[in-house]
Amino acid sequence: YYSNYYLIVNALNIIIGQIFAGITASVGNLGASGNKERLYEVYCIGLFINAFIYYGCTVILWFLIDDFISIWLGMEYIMNKNIVLIILANFHINGMRRITMVYRDSLGLYWYDRHKPVIEASINLVVSIILANTFGLIGVFIGTFISLITTSFWVEPYVLYKHGFNVKLKKYFYKYIKYVLIGALGFLSILFLNDLIHFKLTFFTLILKGILFLILFTFIFII
């Protein structure tokens, strides 16, 4: 059941990953120039684009992924909405790391967070086993979420801001919170639009809803 959702989410990740992979060399050239102010300025633009892509995908998937599964495989393959929520939360948290990871790789800052992968994997394994025994399948996804929040979520930007930009980390979280609020506004707007739409569920109407949601979310995010 999960593999059907994973197939969709992973396909999106692969496509988006190609976008960010394409700018790695450019960031490396910019870093070699030694102009940290310009480097940080371009990063902020990249973070905006990163946030737009992953908030947009996460919000639109929330409204459409169950419909897609039901058309594709049938209603019996739709998972509990709480499980879908944590799957998309992990997709989003991982996705928001993209631009930071591009900068870390381009600037060669691996040494400063070399212990993070081991700690993250250990937390993930231990917490997932404990929660899986208590809550079942959703416990595994919650374990992944907790391991991300307690490590990568703050360690990676901390390393980049301190050793790459010489900028205080609070500026990152200020921007992050701002994008959370904008994403929430986009979610509420699409929720309102979704309640107004009463199409018969087909692949065509699903695509049409996706386009309408994307236009509305883009408008809100840019404004």
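Trainee: How do you know that the lining of the largest pocket has no charged residues?

Mentor: The lining divides into 15 nonpolar and two polar residues, with no charged ones. Asp, Glu, Lys and Arg count as charged; Ala, Val, Leu, Ile, Met, Phe, Trp, Tyr, Cys and Pro as nonpolar; the others, Gly among them, as polar. Do keep in mind that this is a predicted model, where local features need pLDDT of at least 70, side-chain atom pairs count only at pLDDT 80 or more, and totals for chains, interfaces and linings use all residues. Residues are numbered from 1 along each chain as its sequence is written, and side-chain values use heavy atoms, leaving out hydrogens and water.

Trainee: What makes H3 stand out in that lining?

Mentor: H3 gives the most to the lining of the largest pocket, nine residues. Helices here are DSSP runs (H or I, at least four residues), numbered from the N terminus.

Trainee: Why are H5 and H8 called oblique to each other?

Mentor: Helix H5 (residues 98-107) and helix H8 (residues 152-165) pack at about 45°, with axes 10 Å apart. Angles under 35 degrees count as roughly parallel, over 145 as roughly antiparallel, 65 to 115 as roughly perpendicular, and the rest as oblique. H5 and H8 are therefore oblique.

Trainee: Which residues of H5 and H8 make the contact?

Mentor: Among them are Tyr-103 and Arg-104 of H5, and Glu-156 and Leu-160 of H8. Contact means heavy atoms within 4.5 Å. By class, this contact has six nonpolar, two polar and two charged residues.

Notes:
Helices (H or I, at least four residues) and strands (E, at least two) are DSSP runs, numbered from the N terminus. Axes are lines fitted to C-alpha atoms, for helices over the stretch in contact, and angles run from 0 to 180 degrees between N-to-C directions.
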